[in-house]
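Please take the structure below as the starting point for a guided reading. The paragraphs after it are meant to be followed with the model open alongside.

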Number of protein chains: 2
Amino acid sequence: MLYDIAIIGGGPAGVSAAINAKILNKNFIWFSSHSVSRKVARAELIKNYAGLPNVTGAELGWTLNNHIESMGIERVEEVITGVYETGGKFTLLAGNKDYEAKTVILCLGVQAQKPVNGEEEFLGRGVSYCATCDGNLYKGKTIAVVCTDKNFEHEAEYLCSLAKKAYVMPFYKDYRISAENAEIILKAPVEFAGGLKVNEVVFKDGKIAVDGVFVLKSSISPATLVHGLKTEDGHICVNRRLETNIAGVFAAGDCTGRPYQYMKAAGEGNVAVHSVVEYLSAVKQ
Amino acid sequence: MLYDIAIIGGGPAGVSAAINAKILNKNFIWFSSHSVSRKVARAELIKNYAGLPNVTGAELGWTLNNHIESMGIERVEEVITGVYETGGKFTLLAGNKDYEAKTVILCLGVQAQKPVNGEEEFLGRGVSYCATCDGNLYKGKTIAVVCTDKNFEHEAEYLCSLAKKAYVMPFYKDYRISAENAEIILKAPVEFAGGLKVNEVVFKDGKIAVDGVFVLKSSISPATLVHGLKTEDGHICVNRRLETNIAGVFAAGDCTGRPYQYMKAAGEGNVAVHSVVEYLSAVKQ
């Protein structure tokens, strides 16, 4: 199926975009890795979301979810690892599946973690964001798995089940990796290094040899996610209509720059869909 | 008193700006001619204000007011009829009072009515927006009073009490002008005409001679309100930071252009205050 709109991201910008796409009767798909944006849920007290005085992050998340559910909108809980333009439409990769859409709205938030040195250079050359897509390439080999979130633990275990040896680096507490061939490393890598392909993970005080590296995270840097996307200081460049430099690709929320505010993000999700609708009707003519 | 910020307008953009100015501890004044934006209150059903599914306009207005009141924010119910830059600060005229502020956020909405031909040309030359400022100039004279809203009826009556003869044009139902020297005209003027000063009101089927014209309305066109403000098709030109072409003047909401959406307006009110705060700290240095 060719969707009118693919929305990527489940924070307030994504929620607002999904609500507006639904109201405007568009055929859309909404990728959101969590039922509530993790960052929203962690916020202590939000006083400046006009209309909801003094809500906790959890309450705001619950309220937004409630709005979504009341409209019968569904999330697809998959992580998009690549967006490619092909013949006037966009192909979105999610694990070993792909989806097609006429337009894309990026509601990616801001990355909590900067990419590791070498991560983006070696992407596709031994570094992968996608266990299901690339896991099979490392059957019987030695891999490193950076797992940024408990939600990705089952993917880390899947990778362990394929590899001969897996160095797993959990970036959170209460990790539970049960695979016998897994060696837990509680240090942050400073570099992924290699030649034509990645072949080692470098730490401050040493390094390990690997055949491949998996980085399991929900937020991939926008320029890595969408080839050719113009960014500045890590933020996606947009105009007042929230158009990016790529026709058909729009962005909303924290990923378009400061201030990092829920209300700003929700407002931009709303505007982005209106711009998309104009774009779709202009393209059709 | 010199305020940090003057916010003009009581719709969702103004509400959101006031909330953020309060949270960011700014010394601000908020001009809002009504306790709820009239347009919001009239909206039937709003489905896309993220977090408030299926609210009526009245409910949204009530909810926003509630937020404002819970924070102890007060409105000044005055209509600003002019904003002038003087020596690095702004003077705002409201009737026969004036206020001073370092920055201004225009949350003017969009005008329901276009100005009458000649209205802006003759402003200050026989056409006035302000009964209390200019009423005394027309003692014992013949005036026309365009009254766009029941809220301004007391100003129309005040003008009648000064003038010898007043032609009153109410633009709403259930008008009640009790002055004996008032003649009610239920036609819309097509032009205010004259030479050096206005001297007649023209209708499709005739005209009347007058010494002055009062137009009582809450939304004055942005370019008329703020001298030198750049607009395009009636919308205030702003960048992503919501800066206008005048340093220290910002704008948010419907007045900055389409889409005319509550969520977009509230988001922009939030962004505008953050931009103002950066501006104030840059100016101070």
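What follows goes from the pairing of the chains to the packing of helices and then to some details of the backbone.

This is a predicted model, in which local features need pLDDT of at least 70 and side-chain atom pairs count only at pLDDT 80 or more, while totals for chains, interfaces and linings use all residues. Residues are numbered from 1 along each chain as its sequence is written, chains are lettered from A and ligands numbered from 1 in the order in which they are written, and side-chain values use heavy atoms, with hydrogens and water left out.

Chain A is superposed on chain B by a rotation of 180° with 0.0 Å of shift along its axis, at an RMSD of 0.0 Å, where the copies are fitted by least squares on the C-alpha atoms of residues with pLDDT of at least 70 in both. That is the relation of a two-fold axis, and in chain A the C-alpha nearest this axis belongs to Gly267(A), 2.3 Å from it.

How many residues of chain A are in contact with chain B? There are 31 residues of chain A in contact with 31 residues of chain B, contact meaning heavy atoms within 4.5 Å. The copies meet through the same surface, because 100% of the interface residues of chain A are also interface residues in chain B. The size of an interface is often given as the accessible area lost when the parts come together. Here chain A and chain B bury about 2,500 Å² between them, 63% of it on carbon and sulfur atoms; buried area is the accessible area, taken with a 1.4 Å probe, that two parts lose on being put together, summed over both. On the side of chain A, the residues that lose the most area to chain B are Ala50(A), His67(A) and Arg240(A), together 25% of what that side buries.

Within chain A, helix α1 (residues 12-23) packs against helix α3 (residues 57-70) at an angle of about 20°, with their axes 10 Å apart. Helices (H or I, at least four residues) and strands (E, at least two) are DSSP runs, numbered from the N terminus, and axes are lines fitted to C-alpha atoms, for helices over the stretch in contact, with angles running from 0 to 180 degrees between N-to-C directions. The angle makes α1(A) roughly parallel to α3(A), a description used for angles under 35 degrees. In this pair, Pro12(A), Val15(A), Ala18(A) and Ile19(A) of α1(A) meet Leu64(A), His67(A) and Ile68(A) of α3(A).

In chain B, the axes of helix α1 (residues 12-23) and helix α7 (residues 262-284) come within 7 Å and cross at roughly 35°. Among the residues making this contact are Pro12(B) and Ala13(B) of α1(B), and Tyr262(B) and Ala265(B) of α7(B). The axes of α1(B) and helix α3 (residues 57-70) of chain B come within 10 Å and cross at roughly 20°, and these two helices are therefore roughly parallel to each other.

The backbone also has details to look for. The peptide bond from Arg258(A) to Pro259(A) is cis, with omega near -5°, and Pro259(A) lies in the loop between β16 (249-251) and α7 (262-284) of chain A. In chain B, the peptide bond from Arg258(B) to Pro259(B) is cis, with omega near -5°. Asn25(A), found in the loop between α1 and β2 (28-31) of chain A, has phi near 60°, a positive value in a residue other than glycine.

Note on methods:
Angles under 35 degrees count as roughly parallel, over 145 as roughly antiparallel, 65 to 115 as roughly perpendicular and the rest as oblique.
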